[in-house]
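Hi,

Here is the structure I promised you. Have a look at it first, then read my notes below.

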Amino acid sequence: MSPQRILVVDDEDNARRAIATILNEEGYEVAEAANGAEALARIGEFSPAVVLTDVRMPQMDGLTLLKTAREQGSDATFVMMTAFASVETAVEAMKSGADNFLIKPLDADQVLVTLGKVLEKRSLRQEAEALRDQVRSRVRRFHDIIGESPQLQGLYDVIRRAAGTRATVLILGESGTGKELIAQALHQESPRKDKPFIRVHCAALSENLLESELFGHEKGSFTGALARKEGRFELADGGTLFLDEIGEISPAVQVKLLRVLQQREFERVGGTQTLKVDVRIVAATHRDLVAEVKAGRFREDLYYRLNVVSVTLPPLRDRKSDVPALVNHFLEKYSDSYGKQVRGLAPGTLQALLSHDWPGNIRELENAIERAVVLAQGQELTTDDLPPVLRGPRPHGTSTGALIPGATLAAIEREAILRTLEMVQGSTSRAAEVLGISVRKIQYRLKEYSTPDGAPLKAVADEAEDLAAES
């Protein structure tokens, strides 16, 4: 195994050379730089694993060097050296992406111990990234739907069996659960997949506009109708028409929609020509249509026409085992979108995400991860990056290894499961394979961890915060 490369950056020649000598004697491959500008050039040439840099330097200080190196794409681990033992400097360095810091005058043993720690952490991070690459394609997806919980597996089976028919499908579920993705999956699984998939958000349009959108209109049929317009039914001919929030349509539109479902024909608004179409209808709503029928707000005959095949999307709080995979998907999506290098979760972050009930479901989770990526200052999301409603008590403690002895077996098991899920992009099947336990056990444990009784685990705390607590 080739020696690890270390770049030492310090404008004090004697100090820099002394550190380089110590590291050379320990078997490291060492390069030196006398200032930040020189260090940037050496990083590109030397590709160090660790950059050990002074904070206070003329022209370009260590923090600027770190930020510039990150902007240029360097993945080197940074350890900052400072003669000014201030918590503020340490915190700023850690928030900027440094992995650790040392206080001058340096102690040789402390330098070696710190390097050993950051190199071990770097190695674990690289192994985790390699593992993510291996399992990225193995995370269970059904078209664009992510999840491998038992609830979703049953739903996938219903979709496959219904997709090949022209039967109308009614998708039920709370707002934000991903009903449109189910409609798209039905279309993609069907013989109509090469034909149009047309969507209409019924709640966003008034009665008159919705009627015109669905059925089209003739020129002069109403004020502003300057030309004939084809409706969504005509546009979807041969394909699939997705009617989102079907529970919001007026009684008049309900009557016309019922006729289309029964006879496959309609007239444009203001027209007399009867048009026939071959359209597969998929409807969705967050409302309880049975209650709406009883209240007289929704036609019973239309409800039965729509409800030939019914699927119910479970809320996210009932399938917490899918949260890790969804988090990793959104993390990758928004890291790429915003040009960030955020690729993982700091200890405690997954626990905070699992402990929330997600009343807004997947839409709320996606918004939370997008916000966190935008605010993130390092390569991992922390609980500080999450919306305030998700922040619990900040975890303190040490790494998993430090839990032993003194920790309960349950605490050690929980840490192992959560950290393994973070490594494998949230795939419970892959985590089960790595840990040598069943998928069912992981899913059961995730549900257990998300309850109010599940106390958060102790996790790795910032070195800067430890210093602040001691000072």
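A salt bridge here is a side-chain nitrogen of Lys or Arg within 4 Å of a carboxyl oxygen of Asp or Glu. Before the details: this is a predicted model, where local features need pLDDT of at least 70 and side-chain atom pairs count only at pLDDT 80 or more, while totals for chains, interfaces and linings use all residues. Residues are numbered from 1 along each chain as its sequence is written, and side-chain values use heavy atoms, leaving out hydrogens and water.

The structure holds 27 salt bridges. In one of them, Asp10 meets Lys104 at 2.7 Å, N to O. Asp10 sits in the loop between β1 (5-9) and α1 (13-25) and Lys104 in the loop between β5 (100-103) and α5 (108-135), so the pair ties together parts that are 94 residues apart in sequence. (Helices are DSSP runs of H or I, at least four residues, and strands are runs of E, at least two, numbered from the N terminus.)

Is Asp10 buried or exposed? Buried means under 20% relative accessible area, exposed over 50%, and partly exposed in between, with a 1.4 Å probe and protein chains only. Asp10 has 0% relative accessibility, so it counts as buried, and Lys104 is buried too, at 17%.

Asp157 and Arg161 also form a salt bridge, at 3.1 Å, N to O. Both lie in helix α6 (residues 150-163), four residues apart, about one turn of the helix. Asp157 is partly exposed at 35%, whereas Arg161 is exposed at 60%.

Finally, look for the network of salt bridges that links Glu218, Arg228, Glu234 and Arg268.

Cheers
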